[in-house]
Amino acid sequence: MRQVELLEKVLAYDPTADEDLLNRAYVFSMKAHGAQKRASGDPYFSHPVEVAGILAGMKLDATAIATGLLHDTLEDTVATPEEIQKNFGADVLRLVDGVTKLSRIELQSDRTRQAENFRKLLLAMSTDIRVLLVKLADRLHNMRTLHFIKDPDKRRRIAKETMEIYVPLADRIGMQDLREELEDLAFAELNGDARASIIARLDQLRTEGGSLVDRIVDRLKRTLAESGVEAWVSGREKRPFSIWEKMQRKNIAFEQLSDIMAFRIVVADVATCYHALGVVHQTWPSVPGRFKDYLSTPKQNGYRSLHTTVIGPENKRIEIQIRTNEMHAIADLGVAAHWQYKQNGGSHAPAPEAEARQYRWLRELLEILEQTSDPEEFLEHTKLNMFQDQVFCFSPKGDLIALPRDATVVDFAYAVHSDVGDTAVGAKVNGRVVPLRTVLRNGDQVEILRSKVPAPNPTWLNFVKSGRAKSCINRFIRQQQRGQYHELGKAILVKAFKEHDTAVNDKVLEPVVKVLKLRNADDVFVGVGEGNFTARQVVNIVFPGQKGDEADKAPPLPRPHRQSDHGKAGGIPIRGLIPGMAMHFAGCCHPLPGDRIVGIVTTGKGVTIHTIDCETLEQFAEQPERWIDLAWDPPSDGEKTHGHVGRVNLLINNEPGALSAVTTIIAKHKGNITNLKITNRTTDFFEMFVDIEVRDLKHLTNIIAALRATSAISSVERARS
């Protein structure tokens, strides 16, 4: 595209555009890129010009188009930010910088670099959405010329990144045509054979059906006109990727697809949309369950339309979308159309509340960015937030909340506010109390029951679907873990330094902070608690040359701690803990208060608590530095104990009522069954294990004694592995 052609294209929709700015940007970019070449052999300058042309197709302002011309100058030429600001102003520099990658920074891996680039793009587009529009135009032209890149691995990486990040971003801002083209171009690289097969099938259908789309369009026009509805009607086949994705999602063959054609009816106003829908449904039978009203309940990206599927002309199953002219523009150009209305001060610019709804997803991504320190974790949670089919639920006040498909009550709570999610303890869905893991459906009204104390459960990570919920829960776990690691590490070091008659404080730990290159003494405590280094290493730094001979000895067995002398035992006291925190209970031996226990330090995970007779301990016999003497700390008077799980193996008679007898006895003795599994079954007996939540060893022993006294039970033993 020549300079004059680009200028004419912009002036055609914006006669007041800054011609001088565009001319200067064109010339500056052409000189900056000079003799650079693209993989296709074309001058590199052809790329920014094509990007500017795509942006002009979106009818953006001169500042955005100048940014398109200049978007690679900071990254790929010797041009400096000072030059950009001097020649084109602060606005253009801010947009160009937002699009520029972090390619000059050495990062750990391609994936980390991708995550960091995305973080920067997100922060930039949160202040000006035009950054994202330029980036999408840049990616679209790169995908159109992807086949010129010789390295197949690089082509696949770019195509995968497009599918994972830029496709859902285009979807989130409502740019359906651009999203579909990006999907199809990426699909051609990632699964070219499948795409070619679908195109061949579509060609075959066209040969057999002739001008079927044109015939159906004519019939729709006549039917609407006869009922007094003025409408513009168009039809098209769905793109190959859209067809492939539906085949995969529904696990059906191409021949089983019956709605590969989509038709649009564009009318003057909302009332006529519903009138046209009535005409269509009166003329042809509708397919049950395939009607969606996005007029009264718009999508999160601002998309509005009526969708219905009918058995239409020539007995073909077709999908019909009915919308107004403004809705049609927004469906194709999304936020770019909103930007035009906003710039021109038009009557169709989105209302403040609608605009707030449209950009809610962006605010949620920014909140994830604030809560997540690891770039790869941020990227993963962001994908979860963007790549989702939606379900719409209501708060008790009638506020609409958009959630990913299969979202749960916990996802809803975090979508309302992070504080609501952190304090959620229960919920009512449509007035009925339900578990927090309940999957929500369209139209559900959800009321969250809250506690005064924030206490997200780590097990929620097993069922939440939204990236926002996952990031908030992970943030809470990290905060709790650091606190527990700190307490555990401090207790270990206090015990270790007691052998040297030295109190542990910041001054004593100064050489450790210096040698291990930590920030402060708190990091020393956390590192010991987390298992990143041992108490012996810390002692050796503080007291060089006084290495003990503990490393040469076999690990001593901890003394049995009697209930009366817990405080004198010398072991580090512990209480029941939240699973997955600084100290967690081994699944191999299920230790209970009252058992003799020992801790094994695991690098990066804290301490795993085993019973002293656990067979797993044999693996650590040659690593005494990892053993920690532990003791149960009894709860203070009136304190409610945390539940501990004990496992028992049962052999019960194969007779009516035997299982009922087991559950009844456990319930009578205040035990709570958390898991039950039948491991073997014969004509006469059932073998099973049962996990029972109990207070301590004595509680489990009483339950086992009661089970042994029952005639329906042949044998009961506590599981030790």
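Begin with the largest nonpolar core, which has 60 residues; L55, M58 and L136 are those with the most contacts inside it. A nonpolar core is here a set of buried Ala, Val, Leu, Ile, Met, Phe, Trp, Tyr and Cys residues joined through side-chain atoms within 4.5 Å. Buried means under 20% relative accessible area, exposed over 50%, and partly exposed in between, with a 1.4 Å probe and protein chains only. In soluble globular proteins, nonpolar side chains tend to be buried together.

The model is predicted: local features need pLDDT of at least 70, side-chain atom pairs count only at pLDDT 80 or more, and totals for chains, interfaces and linings use all residues. Residues are numbered from 1 along each chain as its sequence is written, and side-chain values use heavy atoms, with hydrogens and water left out.

Now select L136. Leaving aside residues up to four places away in sequence, L136 touches Y166, A170, I173, M175, L178 and L182, where contact means heavy atoms within 4.5 Å. Another core, of 32 residues, lies apart from the largest one and includes F263, A276, V280 and M327.

**The strands around β5**

Select residues 317–324, strand β5, in which seven of the eight residues are buried. Strands (E, at least two residues) and helices (H or I, at least four) are DSSP runs, numbered from the N terminus. Two strands pair if DSSP finds at least two bridges between them. Strand β2 (residues 261–267) runs parallel to β5 and is joined to β5 by six bridges; within this pair, I265 stands opposite I322. Strand β4 (residues 306–311) is also joined to β5 by six bridges, but these two run antiparallel, and T309 stands opposite E319. Five residues separate β4 from β5 in a hairpin, and E314 in the turn has a positive phi of about 60°.

Five bridges link β8 (residues 424–429) with β10, and G426 has L449 of β10 as its bridge partner.

P435 and V409 lie 26 residues apart in sequence and 8.0 Å apart in space, C-alpha to C-alpha.

**Cysteines**

Colour the cysteines. With a disulfide taken as a pair of cysteine sulfur atoms within 2.5 Å, the count is zero. C614 is in no disulfide, and the nearest cysteine sulfur, that of C588, is 3.4 Å away. C614 is buried at a relative accessible area of 7%, and C472 is buried at 0%.

**Confidence**

Finally, colour by pLDDT, the predictor's confidence in each residue, from 0 to 100. The protein chain averages 80, and 80% of the residues score at least 70. Over residues 102–109 the pLDDT is below 50, and this stretch has eleven contacts in the model beyond near neighbours in sequence. Residues 338–359 also have a pLDDT below 50, with 30 such contacts. Where pLDDT is low, the predicted coordinates should not be read in detail.
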